[in-house]
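This report goes through a protein model, taking side-chain links, sheets and helices in turn. Please keep the sequence and the coordinates open while reading.

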Amino acid sequence: MPSTSTHSNADRASASATGRFSDGRSAASQLVLVDIISGHLVIQRSEEPGALAWPLSGIETGEPVTRRSVDVLIHEPGRAGATLFVADPGFVRALGVAAPQVTGAATRWKAAQPFIIVAACLALIVGALAAIDFSPARTVASLIPQPTRAMLGKQVLSTMVPAGQVCNDPVGVAALAKLTAKLSAAAGGKREFTVTVSSSPVVNAFAAPGEQVVLMNGVIRQADGPDEVAGILAHEMGHGIELHPEAGIVRTVGLAVAAELMLGGTGGGSLGNIGVMLANFGYTRAAEREADQHALTILKAAGISPAGLGKFFERMERRTGPKTGSDKGSKDRSPDASGDDIPGLDLLRTHPSNAERLTGIKAAIGTYPSTPALDAADWAALKSICGNDNATKPGQNPSQTRQPRQQAPSPLPRPPVDRPQRDI
Amino acid sequence: MLTSDPRLTGVAPTSPLAVLHAELTSVPPVRAARAPFLSWRGLAGLLQLSLVNLGLNVITLGLYQFWARAEVRKRIWASIRLAGEPLSYSGTGQELFRGFIMAILVIALPAILFPLVLFVAIGPAGLSIAQVVLYVVFAFLFGWAVWRAQRYRLSRTSWRGIRLSLEGSGWGYAWASIWTMALIPLTLGWIVPWRSTMLQHRLISAMSLGDRRFAFTPSSGQLYWRFLIVWLINGLLVTAAVSIVVTAVKWGDLAAIRPVVWLIPGILVILLIYGLTSAWYRAAQFNHFARSTRLGDVRFDGHMSGWSLFGLTLTNWLIIVASLGILLPVAQARNARYFVEHLDVIGGDELGSVTQSSIDPRLARGEGLANAFNFDAF
């Protein structure tokens with residue numbers, strides 16, 4: 001017999017080889033000759049005269065063909081059951097070229113393609129939305145129905161202001177209600193705000209969902225006049241109008257709980273620490289700017305001078321040092337008479353660019369006629385909403401508490417001479 | 001080798017040389033003489049495949065994972081060789097995806113809705129009742145799911161075009177699984193060897209390659225002396241673990257240096273010993289089950305050892321944890337390779353006479369609602 005080494009085809013990408021063929025009806029297998037000829041797999045069996053021709057476009061393989069494949073199991077087109085096994089790397093390479101649909105890359109692409117397309121479209125949409133500065137959290141927040149928002153607000157309130165800390169001196173509450181109504185009307189009247197005063201000495205105020213505002217007693221204590229308080233309330237109302245608290249919650253809890261909220265649900269256990277959540281996230285600069293603008297608009301519509309708000313910012317900046325972070329030193333700090341140092345002023349910690357805000361406020365001073373936010377009696381009542389200790393300003397001699405305070409209509413009111421000078 | 005090839009020698013098919021050639025085709029020449037009937041062809045490139053799959057998963061937000069799993073299975077199946085020819089896996093990612101959706105609908109939805117409905121109907125007590133009911137139902141469904149998963153995988157496995165199959169709906173297996181499981185605590189675990197043997201018997205006796213049914217000779221007696229040793233050692237380990245924790249707590253605060261110093265190594269040693277004894281038992285069980293199985297006249301034998309099995313389990317665990325699950329296919333391939341290399345098929349040449357089973361797996365879907373649950377949780 002002539003000895004030829006025609007069966008070691010491994011060294012060239014030959015399109016012909018020997019293989020084992022099973023007809024799919026029994027597990028017997030026979031040796032066959034295989035060829036790739038004009039788009040077909042031609043199989044010559046030794047028992048049968050004719051050759052089988054499988055169209056290459058219809059074959060499938062037992063595993064995807066890669067460059068490392070040294071053998072291949074080919075299934076008859078239409079999964080009719082017959083199989084062909086060829087253990088010839090050269091043939092496998094040729095098959096990969098002639099029938100590209102069996103290669104690993106092709107099968108993977110075919111499977112992944114629809115998802116990749118969908119994911120790419122999603123990415124484009126999200127990118128476009130981000131580009132036009134669209135805020136999905138805000139849109140979602142605006143879809144939350146009012147009763148749910150009110151429920152969220154109540155949750156925040158009960159978390160941040162325990163029942164024992166709510167200040168409810170009736171005269172003070174009435175005075176506050178007057179101020180709130182004035183500001184709400186000036187805000188357009190579409191939303192009815194509710195302000196709650198907490199007896200905490202911290203100088204802070206925040207907006208809660210559902211048109212709620214919480215004002216800490218520390219703000220009232222250190223305020224020079226009602227215009228300051230009005231300005232701070234107007235700022236927080238600005239946050240409420242823009243749904244910043246709701247949007248912040250949506251951003252924090254994520255889409256799943258937000259969807260629940262949109263459908264009027266309770267958000268389940270995820271909203272347990274809602275107050276903590278609200279206290280922990282900071283508003284963006286843009287959000288603060290919006291709130292500032294609303295504050296100025298509301299004050300103007302209510303005929304209240306923005307000077308008070310400006311003074312508040314100036315005072316706070318002096319207290320804590322410039323926003324760059326370097327501490328101006330204790331010489332600018334003045335602990336109040338009760339001895340407790342006012343802790344880091346939360347109101348300002350996340351508020352950037354103080355100078356910018358003051359500029360806007362200062363520019364608006366005097367541009368429209370203004371009256372005090374509250375008359376003297378109401379202001380005195382508001383000052384004692386948490387009990388009489390408010391009548392004493394930090395550093396003031398308690399014996400002088402009964403004298404009504406003079407309210408100067410000028411932009412930057414100086415304190416009456418009979419009071420000890422404070423670091424204004 | 002076959003230089004009498006008619007095409008090369010130009011000899012006519014009816015010539016003596018061609019007849020010789022035809023005779024020789026009854027001998028499978030693909031494997032060398034005296035090579036094992038069941039063998040493993042090395043599987044390279046799984047590391048790259050794992051990374052490619054990771055990338056595709058990320059781009060498709062995770063939806064590609066089903067197709068990734070199907071491709072990994074195809075590769076592993078194709079590395080298992082009988083007479084040198086590979087097994088073929090014909091399952092698709094689409095089937096896995098559908099199975100996943102079915103599982104969510106059939107399992108997750110009721111698991112959420114049922115307690116809710118009871119709560120609304122009965123009140124808080126309904127939640128506890130629902131929990132108990134769900135626990136029992138899922139324990140039952142687990143046995144059924146094991147059967148269905150096996151059935152799915154077997155029906156998608158073929159060799160030389162001949163399909164494997166598993167006959168039966170799975171309810172009998174599920175019931176057997178759960179009532180024996182309830183007995184485990186009652187018998188302090190002594191029912192475990194008998195239970196494993198009984199369940200294996202049910203499974204294997206329903207399996208077929210084409211028209212030929214597997215057979216299993218159940219006998220759990222040989223397993224019991226090993227089980228006794230394992231049981232005693234595990235008992236000692238549990239006692240040791242409990243006493244470690246008790247003394248640590250008794251010494252007041254866990255922050256004290258002395259208890260903690262030997263708490264962690266102590267736990268590790270316990271886990272190590274448990275792993276070794278467990279592997280020793282599992283290896284022996286596998287070998288015994290292999291010897292109890294037949295396919296017609298074909299016999300099987302296993303030669304797993306406790307040490308090698310333990311080493312495999314430990315290294316696989318390390319691979320999976322260290323790669324955060326990305327290299328799971330590598331671990332799966334190692335498991336399959338170990339299985340194949342420690343299982344012997346004796347007399348496999350005789351399998352050539354097996355014929356195809358008459359049930360087309362695709363037609364099998366028309367059997368009814370039960371087949372809608374032909375999902376796989378692998």
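Over all chains of this predicted model, the count of salt bridges comes to 22.

| Salt bridge | N to O distance | Separation in sequence |
|---|---|---|
| A:Glu211 and A:Arg149 | 3.0 Å | 62 residues |
| A:Lys311 and A:Asp224 | 2.1 Å | 87 residues |

The side chains of A:Glu211 and A:Arg149 meet in a salt bridge. Because A:Glu211 lies in the loop between strand S9 (205-208) and strand S10 (212-216) of chain A, whereas A:Arg149 belongs to helix H4 of chain A, this pair ties together parts that are 62 residues apart in sequence. Both A:Glu211 and A:Arg149 are buried.

A salt bridge also forms between the side chains of A:Lys311 and A:Asp224. A:Lys311 is part of helix H12 (residues 307-320) of chain A and A:Asp224 sits in the loop between helix H6 (217-222) and helix H7 (226-241) of chain A, so the pair ties together parts that are 87 residues apart. A:Lys311 is buried, with a relative accessible area of 5%, and A:Asp224 is buried as well, with a relative accessible area of 8%.

B:Arg156 counts as buried at 6% relative accessibility, and B:Glu95 counts as buried at 11%.

Salt bridges also link residues of chains A and B in a network, whose members are A:Glu63, A:Asp71, A:Arg108, B:Arg41, B:Glu71, B:Arg75 and B:Arg81.

A covalent link comes next. The structure holds one disulfide over all chains, and this disulfide joins A:Cys167 to A:Cys386 with an S to S distance of 1.8 Å. The link of A:Cys167 and A:Cys386 is right-handed, with 100 degrees about the S-S bond. Its two ends belong to distant parts of the chain, 219 residues apart: A:Cys167 is in the loop between helix H4 (146-160) and helix H5 (170-186) of chain A, and A:Cys386 is in the segment after helix H15 (376-383) of chain A. A:Cys167 has a relative accessible area of 8% and is buried; A:Cys386, at 19%, is also buried, because the cut-off for that term is under 20%. A:Cys121, by contrast, is partly exposed, with a relative accessible area of 42%.

The sheets follow. In chain A, seven strands form an open sheet in the order S4-S3-S2-S1-S7-S6-S5, and the pairing is antiparallel. Strand S4 (51-55) and strand S5 (60-61) of chain A are the edge strands, each pairing on one side only. Within this sheet, strand S1 (residues 16-22) and strand S2 (residues 30-37) of chain A pair over six bridges, and A:Phe21 stands opposite A:Gln30 in S2(A). Helix H1 (residues 89-98) of chain A packs on the sheet, touching S1, S2, strand S3 (40-45), strand S6 (72-75) and strand S7 (83-86) of chain A, and its direction makes about 45 degrees with that of S2(A).

S7(B) pairs in the antiparallel sense with strand S6 (residues 207-209) of chain B over two bridges, and with strand S8 (residues 293-295) of chain B over three bridges. The hairpin of S6(B) and S7(B) has two residues between the strands, and B:Gly210 takes a positive phi there, near 65 degrees.

Two helices of chain A complete the account. Eight of the 10 residues of helix H8 (residues 244-253) of chain A are buried, so this helix is largely enclosed by the rest of the structure. A:Gly254 follows H8(A) and has a positive phi, near 95 degrees.

In helix H5 of chain A lies A:Ser184, which counts as buried at 2% relative accessibility. The side chain of A:Ser184 reaches the backbone nitrogen of A:Phe193 at 3.3 Å.

Terms used: Residues are numbered from 1 along each chain as its sequence is written. Chains are lettered from A and ligands numbered from 1 in the order in which they are written. This is a predicted model: local features need pLDDT of at least 70, side-chain atom pairs count only at pLDDT 80 or more; totals for chains, interfaces and linings use all residues. Side-chain values use heavy atoms; hydrogens and water are left out. Buried means under 20% relative accessible area, exposed over 50%, partly exposed in between (1.4 Å probe, protein chains only). Helices (H or I, at least four residues) and strands (E, at least two) are DSSP runs, numbered from the N terminus. A disulfide is a pair of cysteine sulfur atoms within 2.5 Å. Two strands pair if DSSP finds at least two bridges between them. Contact means heavy atoms within 4.5 Å. Axes are lines fitted to C-alpha atoms, for helices over the stretch in contact, and angles run from 0 to 180 degrees between N-to-C directions. A polar contact is a pair of N or O atoms within 3.5 Å; within protein, one must be able to donate a hydrogen and the other to accept it, and residues adjacent in sequence count only if both atoms are side-chain atoms. A salt bridge is a side-chain nitrogen of Lys or Arg within 4 Å of a carboxyl oxygen of Asp or Glu.
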